[in-house]
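Here is a short briefing to read alongside the sequence and the coordinates.

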Number of protein chains: 2
Amino acid sequence: MTDLIAMGKRAVQAKTYLQDITTDQKNNALHIAAIYLLEQADRILEANKLDLKQAVENNMSPAMQDRLTLTRERIKAMAEGLEEVSALPDPVGRTLEEFIRPNGLQIKKVAVSLGVIGIIYESRPNVTADAFALCFKSGNAMILKGGSDALQSNIVITDILREALAKAGLREDILQLIKDTDRQVTSEFMKMKQYVDVLIPRGGAGLIRAVLENATIPVIETGTGNCHIYVDKDADLKKAIPIIMNAKTQRISVCNACESLVIHKDIRASLLPELAKALKTKNVEIRGDELTREILSDCVPATETDFGTEYLDYIISMKTVSGVEEAIAHINQYNTRHSEAILTENKDTAERFLRGVDAACVYVNASTRFTDGFEFGFGAEIGISNQKLHARGPMGLPELTTYKYKIYGNGQIRG
Amino acid sequence: MTDLIAMGKRAVQAKTYLQDITTDQKNNALHIAAIYLLEQADRILEANKLDLKQAVENNMSPAMQDRLTLTRERIKAMAEGLEEVSALPDPVGRTLEEFIRPNGLQIKKVAVSLGVIGIIYESRPNVTADAFALCFKSGNAMILKGGSDALQSNIVITDILREALAKAGLREDILQLIKDTDRQVTSEFMKMKQYVDVLIPRGGAGLIRAVLENATIPVIETGTGNCHIYVDKDADLKKAIPIIMNAKTQRISVCNACESLVIHKDIRASLLPELAKALKTKNVEIRGDELTREILSDCVPATETDFGTEYLDYIISMKTVSGVEEAIAHINQYNTRHSEAILTENKDTAERFLRGVDAACVYVNASTRFTDGFEFGFGAEIGISNQKLHARGPMGLPELTTYKYKIYGNGQIRG
């Protein structure tokens with residue numbers, strides 16, 4: 001069985017070591033890693049074949065098999081991802097604040113790496129390289145625990161990345177992979193508070209819930225998005241239908257897709273028939289409350305469960321309200337604090353919604369699909385945080401750092 | 001049994017309502033609350049007597065009884081605390097960043113309240129008023145769960161604060177207290193993720209560990225401080241002894257007190273005899289490693305357990321090292337990421353230590369006792385965070401906020 005304590009100790013050593021690495025050293029290692037991935041694509045594809053063979057034997061679903069599959073194209077994308085992160089500014093070492101106290105103590109608040117990041121993820125082996133690039137560039141040591149489905153692929157990708165670190169003159173233990181598939185090991189890993197500073201689960205709602213329930217290490221929660229669009233009575237319908245169609249159907253399987261419409265009752269008669277026609281062209285099933293069904297008589301009745309469901313499918317729920325206050329209350333009861341939008345031409349109503357709705361990203365007259373590191377101009381992200389602590393919304397490089405206070409004295413003692 | 005779900009729903013409503021409250025409204029309510037506490041001191045003292053009577057019956061230790069006891073003086077301090085927080089700047093609503101994307105989306109990153117904060121605490125009933133002031137001023141709704149020892153005091157203090165909210169024209173449900181002493185209720189409270197955004201345990205190491213192990217709500221961990229001072233070979237001994245004495249003995253029961261010395265072996269002969277003499281005047285027991293005991297032959301041998309212990313007592317452990325690297329490695333293995341100090345006149349060694357040691361606050365030539373909201377100039381604090389996420393070190397009002405992105409569009413959809 002994996003000696004997790006030994007891995008933890010090596011990670012803590014690597015964490016300390018990383019505090020003295022320069023930006024150039026990090027960028028050089030990322031560049032070498034990108035070259036190595038391309039040069040050793042055959043080695044990766046061979047390992048991936050073993051994983052796929054086992055997946056077929058285990059009757060894995062085609063969608064899951066697709067996620068597991070690596071191709072030359074996907075390996076190229078992984079390599080490009082490393083180069084992209086290398087081009088981003090180094091988030092470590094920024095002076096965030098600086099002040100001198102009356103007793104002469106000089107206090108500097110400086111951005112530093114989080115330390116040791118644990119990442120628990122599922123079948124997509126490209127997460128191995130993506131997560132490495134972001135966590136390493138932000139000065140962190142990592143312990144990865146990938147899905148057992150992708151074990152052979154993950155072992156080879158990790159080996160290649162570690163070889164790149166060594167080639168760059170850096171310690172390989174910056175990146176470690178848990179190769180054990182025993183669930184007991186994962187469970188113990190989530191409690192290694194003495195060695196691991198932060199856990200980031202990447203995967204479906206089930207994985208994230210399991211980590212939240214079992215971890216004693218602080219978790220960065222990402223992913224779940226039960227996103228709403230509220231169509232106010234003062235909405236411009238020429239904007240509304242394209243925005244709703246985009247948010248619902250441009251990509252159904254993502255966390256920033258719209259799952260539910262909240263509709264001012266005074267606008268339903270003018271909005272719903274045309275909207276239903278547009279949704280029908282994409283085969284989107286509508287589940288509506290009573291007032292919705294007065295207009296769309298053939299739609300499925302919506303239940304309480306519908307309002308709390310992230311479908312990730314061609315389904316949308318509809319709830320009618322009597323105004324922005326009721327819309328806010330409904331959304332705050334059912335949403336996952338991810339991305340919410342109001343469509344209105346009324347500035348006061350818009351501001352009321354922006355203040356009242358509790359979510360990482362709140363939009364006026366735009367699609368929820370913009371909640372994304374690249375769309376915000378931040379570059380690659382480790383995920384979209386929908387918790388309140390630390391970072392909210394797209395988590396790029398600065399969000400993978402914390403800070404420390406450096407305090408310079410000259411013999412000060414407290415009176 | 002307490003209907004936690006109903007409490008949660010009321011807290012979410014109060015959270016939304018709080019988004020529209022002005023700074024003046026908050027300050028006015030804090031001021032009324034301060035007056036009410038003073039005016040109704042007798043009512044508080046009466047309830048406190050009931051708690052103390054039960055404490056005596058339960059054979060509570062004198063130290064614990066002291067923590068539980070309220071006096072006119074302590075009630076006055078609570079009221080002054082409310083006024084002090086009212087005088088601090090409002091942390092909500094600050095624009096942290098603002099930019100426009102090429103597609104015309106205008107993105108504003110704005111400081112907002114965390115939402116609903118759950119606070120779980122032990123016997124000190126003054127925490128009720130202190131926590132209320134900080135969380136309320138930062139725009140948060142609260143659900144409090146105090147220790148059952150202090151239940152009667154907490155009920156009355158909470159009632160008075162709620163009356164003050166009502167008098168100020170605000171909703172009482174901003175502040176709710178769980179009056180149930182059933183452990184099962186506390187356990188369920190820690191899992192109310194749909195309603196409570198952040199949990200802050202305040203109390204001893206046992207309480208904090210229990211919350212970390214059982215909560216599914218994100219926790220802000222505060223409190224534990226196994227703080228070290230490293231005396232480098234280039235230390236100025238005239239500064240060293242006063243700093244060590246201050247950090248160890250000025251107040252032994254606090255998280256920023258020094259628990260362990262790390263000593264460069266080349267300086268031990270000149271440091272230790274005089275230091276031991278000074279420590280003896282305060283009856284501090286020394287537990288030393290082998291090289292320490294070569295100089296201080298009568299001190300107790302230190303074990304591995306000593307190096308990992310936050311004594312909160314008149315005891316100090318001593319570990320000798322061969323240089324700053326070994327000092328950093330030792331500290332990073334045993335510390336609790338709270339406050340650490342180096343004593344040296346060598347600037348390079350100091351910088352090496354500041355970079356390498358993993359802690360919220362790292363000092364050069366000053367006492368670790370300065371890790372405190374007031375000493376940093378931040379004002380009242382909810383605690384000293386020793387985790388990496390969100391806030392590190394003293395947590396004042398800005399640290400009780402998060403942010404949201406407000407995004408203004410004009411029909412943008414994602415391509």
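This is a predicted model: local features need pLDDT of at least 70, side-chain atom pairs count only at pLDDT 80 or more; totals for chains, interfaces and linings use all residues.

- On the chain A side, β2 (residues 106–113) and β16 (residues 401–412) are antiparallel partners, joined over eight bridges. If you want a spot to look at in the viewer, S113(A) stands opposite T401(A) of β16(A).
- Strands of a sheet pair through backbone hydrogen bonds, and they do so either parallel or antiparallel.

- β1(A) and β2(A) run antiparallel and are joined by five bridges. Within this pair, E97(A) has K109(A) of β2(A) as its bridge partner.
- The two strands β1(A) and β2(A) make a hairpin with five residues between them. In the turn, G104(A) has a positive phi of about 95°.
- How many of the six residues of β1(A) are buried? The number is zero, so β1(A) lies largely in the open.

- In chain B, β1 (residues 95–100) and β2 (residues 106–113) are antiparallel and joined by five bridges. Here E98(B) has K108(B) of β2(B) as its bridge partner.
- β1(B) and β2(B) form a hairpin with five residues between them, and G104(B) in the turn has a positive phi of about 95°.
- β2(B) goes on to pair with β16(B), antiparallel, through eight bridges. In that pairing, V112(B) has T402(B) as its bridge partner in β16(B).

**The four-stranded sheet of chain B**

- Chain B also holds an open sheet of four strands in the order β5-β4-β3-β6, with parallel pairing. Its edge strands are β5 (175–177) and β6 (198–202) of chain B, each of which pairs on one side only.
- On average, neighbouring strands of this sheet are turned by 20° against each other, direction ignored.
- Strands β3 (residues 116–121) and β4 (residues 141–145) of chain B are parallel and share five bridges. I120(B) stands opposite K145(B) of β4(B).
- Helix α1 (residues 4–18) of chain B lies across β3, β4 and β5 of chain B, at about 145° to β4(B).
- Helix α6(B) lies across β3, β4, β5 and β6 of chain B, at about 160° to β4(B).

**Helix α2 of chain B**

- Helix α2 (residues 23–39) of chain B has 17 residues and reaches 24 Å from its first C-alpha to its last, close to the 24 Å expected at 1.5 Å a residue.
- Its buried residues include K26(B), A29(B), L30(B), I32(B) and Y36(B).
- The buried residues of α2(B) pack against α5 (72–87), α6 (126–137) and α7 (151–167) of chain B.

**How the chains meet**

- 61 residues of chain A are in contact with 61 residues of chain B. Elements of chain A that each supply at least two residues to this side include α1 (4–18), α9 (205–214), α10 (237–249) and β13 (361–366).
- The largest share, 11 residues, comes from β16(A).
- By type, the residues on the side of chain A that touches chain B divide into 27 nonpolar, 20 polar and 14 charged.
- β13(A) and β16 (residues 401–412) of chain B pair in the parallel sense over five bridges, and V362(A) stands opposite K406(B) of β16(B).

**Symmetry**

- Chain A superposes on chain B by a rotation of 180° with 0.0 Å of shift along its axis (RMSD 0.0 Å). The two copies are therefore related as by a two-fold rotation axis.
- The same surface serves both copies, since 100% of the contact residues of chain A recur in chain B.
- Which residue of chain A comes closest to the rotation axis? It is H390(A), with its C-alpha at 1.7 Å.

Methods
Residues are numbered from 1 along each chain as its sequence is written. Chains are lettered from A and ligands numbered from 1 in the order in which they are written. Copies are superposed by least squares on the C-alpha atoms of residues with pLDDT of at least 70 in both. Two residues are in contact if their C-beta atoms, placed from the backbone, lie within 7 Å. Two strands pair if DSSP finds at least two bridges between them. Ala, Val, Leu, Ile, Met, Phe, Trp, Tyr, Cys and Pro count as nonpolar, Asp, Glu, Lys and Arg as charged, and the others, Gly among them, as polar. The expected span of a helix is 1.5 Å times one less than its number of residues. A residue is buried if 20 or more other C-beta atoms lie within 10 Å of its own, exposed if 12 or fewer, and partly exposed in between; C-beta atoms are placed from the backbone. Axes are lines fitted to C-alpha atoms, for helices over the stretch in contact, and angles run from 0 to 180 degrees between N-to-C directions.
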